[in-house]
Amino acid sequence: MTPRFRRPGRTGRVAAVLAAVLLAAAAPAAAADTDAPGSRAPALPLRVATYNIHAGAGQDQVFGLDRTAAALRGLRADVIGLQEVDVHWGARSDFVDEARALAAKLRMRVFFAPVYDLEPATPDGERRQFGVAVLSRYPVLHAENHEITRLSTQTPDPVPAPGPGFAEVVVDVRGAHVHVYSTHLDYRADPSVRAAQVADMLAVLAADRGPKILVGDFNAEASAPELAPLWGALRDAAPGGGGTFPAVDPAKRIDLVTVSPDIGVTGARAVATEASDHRPVVADLTVHRRGR
(Lines give C-alpha, C1' and ligand atoms only; values in the text may rest on other atoms or scores of the structure.)
Protein backbone atom coordinates (compact mmCIF):
# COMPACT_ATOMS: atom_id res chain seq x y z
CA MET A 1 0.00 0.00 0.00
CA THR A 2 1.05 3.65 -0.14
CA PRO A 3 2.57 5.54 2.79
CA ARG A 4 0.19 7.67 4.81
CA PHE A 5 2.58 10.57 4.49
CA ARG A 6 2.93 12.48 1.21
CA ARG A 7 4.28 10.52 -1.74
CA PRO A 8 7.09 11.78 -3.98
CA GLY A 9 6.11 14.02 -6.85
CA ARG A 10 7.27 13.09 -10.33
CA THR A 11 8.78 10.07 -12.03
CA GLY A 12 12.40 10.39 -13.15
CA ARG A 13 13.89 8.17 -15.82
CA VAL A 14 17.14 6.75 -14.53
CA ALA A 15 19.70 4.37 -15.98
CA ALA A 16 20.73 1.15 -14.30
CA VAL A 17 22.79 1.91 -11.20
CA LEU A 18 25.01 -0.49 -9.26
CA ALA A 19 25.33 0.17 -5.52
CA ALA A 20 28.68 -0.44 -3.84
CA VAL A 21 29.38 -3.63 -1.93
CA LEU A 22 29.24 -2.29 1.58
CA LEU A 23 30.33 -5.05 3.91
CA ALA A 24 31.30 -8.70 3.94
CA ALA A 25 28.33 -11.07 3.78
CA ALA A 26 27.29 -13.07 6.82
CA ALA A 27 26.63 -16.80 6.73
CA PRO A 28 23.36 -17.70 4.97
CA ALA A 29 20.41 -18.99 6.93
CA ALA A 30 19.85 -22.72 6.97
CA ALA A 31 16.97 -24.53 5.29
CA ALA A 32 16.04 -28.12 4.55
CA ASP A 33 18.20 -29.73 1.82
CA THR A 34 15.54 -30.90 -0.62
CA ASP A 35 15.63 -31.02 -4.40
CA ALA A 36 13.37 -29.11 -6.74
CA PRO A 37 11.25 -31.32 -9.00
CA GLY A 38 13.12 -32.85 -11.92
CA SER A 39 16.60 -31.85 -10.77
CA ARG A 40 19.58 -34.07 -9.95
CA ALA A 41 21.78 -31.18 -8.78
CA PRO A 42 22.36 -30.72 -5.05
CA ALA A 43 19.84 -28.41 -3.42
CA LEU A 44 21.21 -25.20 -1.89
CA PRO A 45 19.22 -23.47 0.87
CA LEU A 46 18.25 -19.83 0.34
CA ARG A 47 16.09 -17.76 2.67
CA VAL A 48 14.38 -14.86 0.91
CA ALA A 49 12.16 -12.12 2.32
CA THR A 50 10.14 -9.14 1.15
CA TYR A 51 9.29 -6.08 3.25
CA ASN A 52 7.59 -2.78 2.51
CA ILE A 53 9.42 -0.66 5.11
CA HIS A 54 7.11 2.39 4.91
CA ALA A 55 10.18 4.66 4.55
CA GLY A 56 11.31 3.58 8.02
CA ALA A 57 8.09 4.55 9.82
CA GLY A 58 6.27 2.00 11.94
CA GLN A 59 2.57 1.29 12.23
CA ASP A 60 2.63 4.14 14.78
CA GLN A 61 3.89 6.55 12.05
CA VAL A 62 7.10 7.16 14.03
CA PHE A 63 10.35 7.05 12.05
CA GLY A 64 12.97 4.70 13.45
CA LEU A 65 15.43 2.95 11.17
CA ASP A 66 16.96 0.97 14.05
CA ARG A 67 13.52 -0.61 14.56
CA THR A 68 13.33 -1.38 10.83
CA ALA A 69 16.78 -2.96 10.93
CA ALA A 70 15.88 -5.06 13.97
CA ALA A 71 12.80 -6.41 12.19
CA LEU A 72 14.90 -7.26 9.12
CA ARG A 73 17.63 -8.87 11.22
CA GLY A 74 15.07 -11.08 12.89
CA LEU A 75 14.10 -12.58 9.53
CA ARG A 76 17.60 -14.12 9.19
CA ALA A 77 17.22 -13.88 5.42
CA ASP A 78 19.97 -14.17 2.82
CA VAL A 79 18.25 -11.90 0.29
CA ILE A 80 15.60 -9.27 1.06
CA GLY A 81 13.51 -7.21 -1.33
CA LEU A 82 12.53 -3.83 0.11
CA GLN A 83 9.87 -1.36 -0.99
CA GLU A 84 9.20 2.30 -0.05
CA VAL A 85 12.86 3.11 0.54
CA ASP A 86 13.90 6.76 1.01
CA VAL A 87 17.34 7.99 -0.04
CA HIS A 88 17.95 11.59 1.13
CA TRP A 89 14.23 12.08 0.53
CA GLY A 90 13.17 14.48 3.25
CA ALA A 91 12.45 15.28 6.87
CA ARG A 92 10.11 12.30 7.25
CA SER A 93 13.19 10.03 7.16
CA ASP A 94 15.81 12.55 8.37
CA PHE A 95 17.27 12.77 4.82
CA VAL A 96 18.93 9.38 5.48
CA ASP A 97 20.14 7.10 2.70
CA GLU A 98 18.03 4.24 4.00
CA ALA A 99 19.34 1.69 1.51
CA ARG A 100 22.97 2.09 2.57
CA ALA A 101 22.14 2.59 6.23
CA LEU A 102 20.18 -0.65 6.44
CA ALA A 103 22.88 -2.53 4.51
CA ALA A 104 25.50 -1.29 6.96
CA LYS A 105 23.42 -2.20 10.00
CA LEU A 106 22.76 -5.70 8.64
CA ARG A 107 26.22 -6.24 7.07
CA MET A 108 24.70 -6.96 3.68
CA ARG A 109 25.26 -5.78 0.12
CA VAL A 110 22.66 -3.47 -1.40
CA PHE A 111 21.26 -2.38 -4.75
CA PHE A 112 18.86 0.56 -4.76
CA ALA A 113 16.53 1.16 -7.74
CA PRO A 114 14.84 4.59 -7.57
CA VAL A 115 11.32 5.10 -8.82
CA TYR A 116 11.66 8.85 -8.30
CA ASP A 117 14.89 10.84 -8.68
CA LEU A 118 14.47 14.55 -7.88
CA GLU A 119 16.65 17.61 -7.45
CA PRO A 120 18.19 18.18 -4.00
CA ALA A 121 16.15 20.02 -1.40
CA THR A 122 19.07 22.45 -0.86
CA PRO A 123 21.86 23.64 -3.19
CA ASP A 124 24.47 21.55 -1.37
CA GLY A 125 22.17 18.56 -0.72
CA GLU A 126 21.95 15.10 -2.21
CA ARG A 127 19.46 14.07 -4.87
CA ARG A 128 16.14 13.05 -3.39
CA GLN A 129 15.18 9.48 -4.30
CA PHE A 130 12.47 6.97 -3.44
CA GLY A 131 12.20 3.39 -4.67
CA VAL A 132 12.90 -0.28 -4.05
CA ALA A 133 16.03 -2.16 -3.05
CA VAL A 134 17.56 -5.60 -2.66
CA LEU A 135 19.81 -6.60 0.25
CA SER A 136 22.01 -9.68 -0.16
CA ARG A 137 24.48 -11.67 1.91
CA TYR A 138 25.70 -13.27 -1.31
CA PRO A 139 27.82 -11.63 -4.02
CA VAL A 140 25.86 -9.55 -6.53
CA LEU A 141 26.98 -10.39 -10.07
CA HIS A 142 24.67 -7.99 -11.92
CA ALA A 143 22.07 -5.37 -11.04
CA GLU A 144 19.65 -3.36 -13.14
CA ASN A 145 16.83 -0.86 -12.65
CA HIS A 146 14.16 -1.81 -15.20
CA GLU A 147 11.28 0.34 -16.37
CA ILE A 148 7.68 -0.77 -16.06
CA THR A 149 4.43 1.11 -16.59
CA ARG A 150 3.77 3.75 -13.93
CA LEU A 151 1.17 6.40 -13.18
CA SER A 152 2.32 9.58 -11.43
CA THR A 153 0.87 10.18 -7.98
CA GLN A 154 1.30 13.97 -8.12
CA THR A 155 1.07 15.09 -11.77
CA PRO A 156 -2.36 16.47 -12.69
CA ASP A 157 -4.19 14.19 -15.09
CA PRO A 158 -1.37 11.62 -15.29
CA VAL A 159 -1.24 8.99 -17.99
CA PRO A 160 0.48 5.58 -17.77
CA ALA A 161 4.07 5.76 -18.99
CA PRO A 162 7.30 3.75 -18.59
CA GLY A 163 9.21 4.55 -15.44
CA PRO A 164 12.05 2.98 -13.44
CA GLY A 165 11.90 1.19 -10.13
CA PHE A 166 11.75 -2.53 -10.96
CA ALA A 167 14.95 -3.89 -9.41
CA GLU A 168 16.78 -6.99 -10.63
CA VAL A 169 19.91 -8.50 -9.12
CA VAL A 170 21.72 -11.71 -9.96
CA VAL A 171 23.20 -13.25 -6.81
CA ASP A 172 25.78 -16.02 -6.67
CA VAL A 173 24.43 -18.57 -4.19
CA ARG A 174 27.44 -20.87 -3.90
CA GLY A 175 27.55 -21.41 -7.65
CA ALA A 176 23.85 -20.98 -8.44
CA HIS A 177 23.15 -17.70 -10.23
CA VAL A 178 19.71 -16.61 -9.06
CA HIS A 179 17.73 -13.68 -10.47
CA VAL A 180 15.93 -11.75 -7.71
CA TYR A 181 13.47 -8.95 -8.51
CA SER A 182 11.90 -6.43 -6.11
CA THR A 183 8.72 -4.64 -7.20
CA HIS A 184 6.07 -2.24 -5.92
CA LEU A 185 2.89 -2.22 -7.98
CA ASP A 186 0.29 0.53 -8.31
CA TYR A 187 -1.99 1.00 -5.31
CA ARG A 188 -5.14 2.32 -7.01
CA ALA A 189 -8.44 0.49 -7.01
CA ASP A 190 -8.43 0.46 -10.83
CA PRO A 191 -6.36 -2.63 -11.70
CA SER A 192 -5.39 -1.51 -15.22
CA VAL A 193 -1.98 -0.11 -14.31
CA ARG A 194 -1.13 -3.19 -12.24
CA ALA A 195 -2.14 -5.36 -15.20
CA ALA A 196 0.25 -3.43 -17.43
CA GLN A 197 2.98 -3.71 -14.81
CA VAL A 198 2.53 -7.47 -14.62
CA ALA A 199 2.96 -7.74 -18.39
CA ASP A 200 6.08 -5.56 -18.25
CA MET A 201 7.62 -7.61 -15.44
CA LEU A 202 6.94 -10.88 -17.23
CA ALA A 203 8.72 -9.52 -20.31
CA VAL A 204 11.79 -8.77 -18.19
CA LEU A 205 11.70 -12.21 -16.58
CA ALA A 206 11.30 -13.92 -19.96
CA ALA A 207 14.59 -12.42 -21.13
CA ASP A 208 16.49 -14.04 -18.24
CA ARG A 209 17.64 -17.63 -17.85
CA GLY A 210 17.91 -19.62 -14.65
CA PRO A 211 16.02 -19.59 -11.34
CA LYS A 212 13.93 -16.48 -10.69
CA ILE A 213 12.43 -15.00 -7.52
CA LEU A 214 10.00 -12.08 -7.74
CA VAL A 215 9.08 -10.39 -4.46
CA GLY A 216 7.32 -7.22 -3.48
CA ASP A 217 4.25 -5.26 -2.52
CA PHE A 218 1.76 -6.15 -5.27
CA ASN A 219 -1.08 -4.05 -3.82
CA ALA A 220 -3.37 -6.93 -4.81
CA GLU A 221 -3.97 -10.40 -3.46
CA ALA A 222 -2.66 -13.41 -5.35
CA SER A 223 -6.18 -14.24 -6.55
CA ALA A 224 -6.67 -10.83 -8.21
CA PRO A 225 -7.39 -11.12 -11.97
CA GLU A 226 -4.61 -8.70 -12.89
CA LEU A 227 -2.02 -10.98 -11.23
CA ALA A 228 -3.29 -14.12 -12.98
CA PRO A 229 -0.70 -13.98 -15.83
CA LEU A 230 2.08 -14.33 -13.26
CA TRP A 231 1.03 -17.85 -12.37
CA GLY A 232 2.01 -19.26 -15.76
CA ALA A 233 5.69 -18.52 -15.09
CA LEU A 234 5.79 -18.38 -11.29
CA ARG A 235 4.15 -19.82 -8.20
CA ASP A 236 3.17 -18.26 -4.92
CA ALA A 237 5.59 -19.42 -2.22
CA ALA A 238 3.28 -18.66 0.72
CA PRO A 239 -0.36 -19.24 -0.25
CA GLY A 240 -1.22 -20.01 3.37
CA GLY A 241 1.33 -17.68 4.94
CA GLY A 242 -1.07 -15.20 6.53
CA GLY A 243 -2.05 -11.59 5.91
CA THR A 244 0.46 -8.79 5.49
CA PHE A 245 -1.53 -5.53 5.55
CA PRO A 246 -2.14 -3.71 7.77
CA ALA A 247 0.58 -4.82 10.17
CA VAL A 248 -1.88 -4.94 13.08
CA ASP A 249 -4.69 -7.44 12.42
CA PRO A 250 -3.89 -7.81 8.70
CA ALA A 251 -6.87 -8.15 6.39
CA LYS A 252 -5.03 -8.68 3.09
CA ARG A 253 -2.09 -10.70 1.78
CA ILE A 254 -0.59 -8.29 -0.75
CA ASP A 255 3.13 -8.81 -0.06
CA LEU A 256 4.28 -11.86 -1.97
CA VAL A 257 7.29 -14.09 -2.59
CA THR A 258 6.96 -15.87 -5.94
CA VAL A 259 9.36 -18.34 -7.54
CA SER A 260 10.01 -20.08 -10.84
CA PRO A 261 9.22 -23.85 -11.10
CA ASP A 262 12.88 -24.86 -10.71
CA ILE A 263 13.01 -23.46 -7.16
CA GLY A 264 11.87 -25.55 -4.21
CA VAL A 265 9.84 -24.13 -1.31
CA THR A 266 10.26 -25.69 2.13
CA GLY A 267 8.34 -23.10 4.13
CA ALA A 268 7.04 -19.52 4.09
CA ARG A 269 5.14 -17.18 6.39
CA ALA A 270 4.29 -13.59 7.22
CA VAL A 271 6.05 -12.32 10.34
CA ALA A 272 4.24 -10.26 12.98
CA THR A 273 5.93 -6.91 13.58
CA GLU A 274 4.81 -3.27 13.80
CA ALA A 275 8.07 -1.81 12.43
CA SER A 276 6.12 -0.85 9.27
CA ASP A 277 2.48 -0.67 8.22
CA HIS A 278 3.09 -3.99 6.37
CA ARG A 279 4.30 -7.33 7.66
CA PRO A 280 7.32 -8.96 6.02
CA VAL A 281 7.14 -12.35 4.33
CA VAL A 282 10.00 -14.84 4.63
CA ALA A 283 10.41 -18.00 2.54
CA ASP A 284 12.85 -20.89 2.80
CA LEU A 285 13.78 -22.01 -0.71
CA THR A 286 16.15 -24.39 -2.47
CA VAL A 287 18.06 -23.61 -5.65
CA HIS A 288 20.51 -25.53 -7.83
CA ARG A 289 23.95 -24.83 -9.27
CA ARG A 290 22.78 -25.44 -12.83
CA GLY A 291 21.04 -22.01 -12.80
CA ARG A 292 22.77 -19.23 -14.76
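How many residues does helix 3 have, and how far does helix 3 reach from its first C-alpha to its last? Helix 3 has 15 residues and spans 21 Å between those two atoms, close to the 21 Å expected at 1.5 Å a residue. The structure shown here is a predicted model. Its chain contains 3 helices and 12 strands, and 57% of its 292 residues count as buried.

**The chain as a whole**

- Among the contacts in the chain with a separation of 6 or more, 73% are made by residues 24 or more positions apart.
- The accessible surface of the chain amounts to about 11600 Å², and carbon and sulfur atoms account for 54% of that surface.

- Strands of a sheet pair through backbone hydrogen bonds, in either a parallel or an antiparallel manner.
- Strand 9 pairs with strand 10 (residues 255-259) in the antiparallel sense, over 2 bridges.
- Arg235 has Val259, in strand 10, as its bridge partner.

**The buried residues of helix 3**

- An α-helix has 3.6 residues a turn, so residues three or four places apart point the same way.
- The buried residues in helix 3 are Val193, Arg194, Gln197, Val198, Met201, Leu202, Val204 and Leu205.
- These buried residues pack against strand 5, strand 6, strand 7 and strand 8.

**Nonpolar cores**

- In soluble globular proteins, nonpolar side chains tend to be buried together.
- The largest nonpolar core here has 29 residues, and those with the most contacts inside it are Leu46, Val171, Val173, Val178, Ile213, Val257 and Val287.
- Two or more residues of this core come from each of strand 1 (43-52), strand 3 (109-118), strand 4 (128-136), strand 6, strand 7, strand 8, strand 10 and strand 12 (281-288).
- Another core, of 26 residues, lies apart from it and includes Tyr51, Ala101, Val110 and Val282.
- When neighbours within four places in sequence are left aside, the residues in contact with Ile213 include Leu46, Val48, Val178, Val257 and Leu285.

- Ala176 is found in strand 7 and is buried, with a relative accessible area of 0%.
- Although Ala176 and Leu44 are 132 residues apart along the chain, their C-alpha atoms are separated by 8.2 Å.

**Backbone features in the loops**

- A cis peptide bond, with omega of about -10°, joins Phe245 and Pro246; Pro246 has its place in the loop between strand 9 and strand 10.
- His88 is not a glycine, yet its phi is positive, at about 55°; His88 lies in the loop between strand 2 (79-87) and helix 2 (98-106).
- Phe95 lies in the loop between strand 2 and helix 2, and its phi is also positive, near 55°, in a residue other than glycine.
- Phe95 is partly exposed, with a relative accessible area of 41%.

Note on methods:
Residues numbered from 1 in each chain as written. Predicted model: local features only at pLDDT ≥ 70, side-chain atom pairs only at ≥ 80, totals over all residues. Heavy atoms only, no water. Pairing = 2+ DSSP bridges. Helix = DSSP H or I, 4+ residues; strand = E, 2+ residues; numbered from the N terminus. Expected span 1.5 Å × (residues − 1). Buried < 20%, exposed > 50% of the residue type's maximum accessible area, 1.4 Å probe, protein only. Contact = heavy atoms within 4.5 Å. Core = buried A, V, L, I, M, F, W, Y, C linked by side-chain atoms within 4.5 Å. Areas by Shrake-Rupley, 256 points an atom, 1.4 Å probe, with all protein chains shown as cover.
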